[in-house]
Amino acid sequence: MACVRFRVPLAAAAIQYPLRHPAVTTVLIGPRDAGQVRQTVGWFEEVIPADLSETLEREDLAA
């Protein structure tokens, strides 16, 4: 899987990917407790290499 090759958590890539489009201003996540809030913040702060997004599109894993 592409995320494994780039050492990026799948959840981080999934949360941040929609923000690449200029029309997307918000990604809403529904954490149930403080631990999930901290984890979600971590995923938003994860550095996602530009090459990952290009790979996802090239391998038809994302539109």
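This note sets out, in numbered points, some features of a predicted model.

1. Salt bridges. A search of the whole structure finds two salt bridges. One of them joins the side chains of Glu-59 and Arg-5, with a distance of 2.6 Å from N to O. Glu-59 belongs to the segment after helix 4, whereas Arg-5 belongs to helix 1, so this pair ties together parts that are 54 residues apart in sequence. Glu-59 has a relative accessible area of 36% and is therefore partly exposed.

2. The pair Arg-20 and Glu-57. A salt bridge also links Arg-20 with Glu-57, and their closest N and O atoms are 2.8 Å apart. Because Arg-20 lies in the loop between helix 2 (10–16) and helix 3, and Glu-57 in helix 4, the pair ties together parts that are 37 residues apart in sequence. Both residues are partly exposed: Arg-20 has a relative accessibility of 46%, and Glu-57 has a relative accessible area of 32%.

3. Ser-53 is a residue of helix 4, which covers residues 50–58. Is Ser-53 buried or exposed? Its relative accessible area is 6%, and buried means under 20%, so Ser-53 counts as buried. Leaving aside residues up to four places away in sequence, Ser-53 touches Tyr-17 and Arg-20. With Arg-20 there is also a polar contact between the two side chains, at 3.4 Å.

4. Helix 3. How far apart are the end C-alpha atoms of helix 3 (residues 34–45)? They are 17 Å apart. The 12 residues of this helix should span 16 Å at 1.5 Å a residue, and the two values agree. At the start of helix 3, Asp-33 places a side-chain oxygen within 3.1 Å of the backbone nitrogen of Gly-35.

5. A nonpolar surface patch. Which residues form a nonpolar patch on the surface? They are Met-1, Val-4 and Leu-10, and together they have about 340 Å² of accessible area. Met-1 is located in the segment before helix 1 (2–5). Its relative accessibility is 59%, and exposed means over 50%, so Met-1 counts as exposed.

Note on methods. Residues numbered from 1 in each chain as written. Predicted model: local features only at pLDDT ≥ 70, side-chain atom pairs only at ≥ 80, totals over all residues. Heavy atoms only, no water. Helix = DSSP H or I, 4+ residues; strand = E, 2+ residues; numbered from the N terminus. Expected span 1.5 Å × (residues − 1). Polar contact = N/O pair within 3.5 Å; in protein donor to acceptor, adjacent residues only side chain to side chain. Buried < 20%, exposed > 50% of the residue type's maximum accessible area, 1.4 Å probe, protein only. Contact = heavy atoms within 4.5 Å. Patch = residues over 30% accessible without salt bridge, like charges linked within 9 Å, V, L, I, M, F, W, Y side chains within 5 Å. Areas by Shrake-Rupley, 256 points an atom, 1.4 Å probe, with all protein chains shown as cover. Salt bridge = Lys/Arg side-chain N within 4 Å of Asp/Glu carboxyl O.
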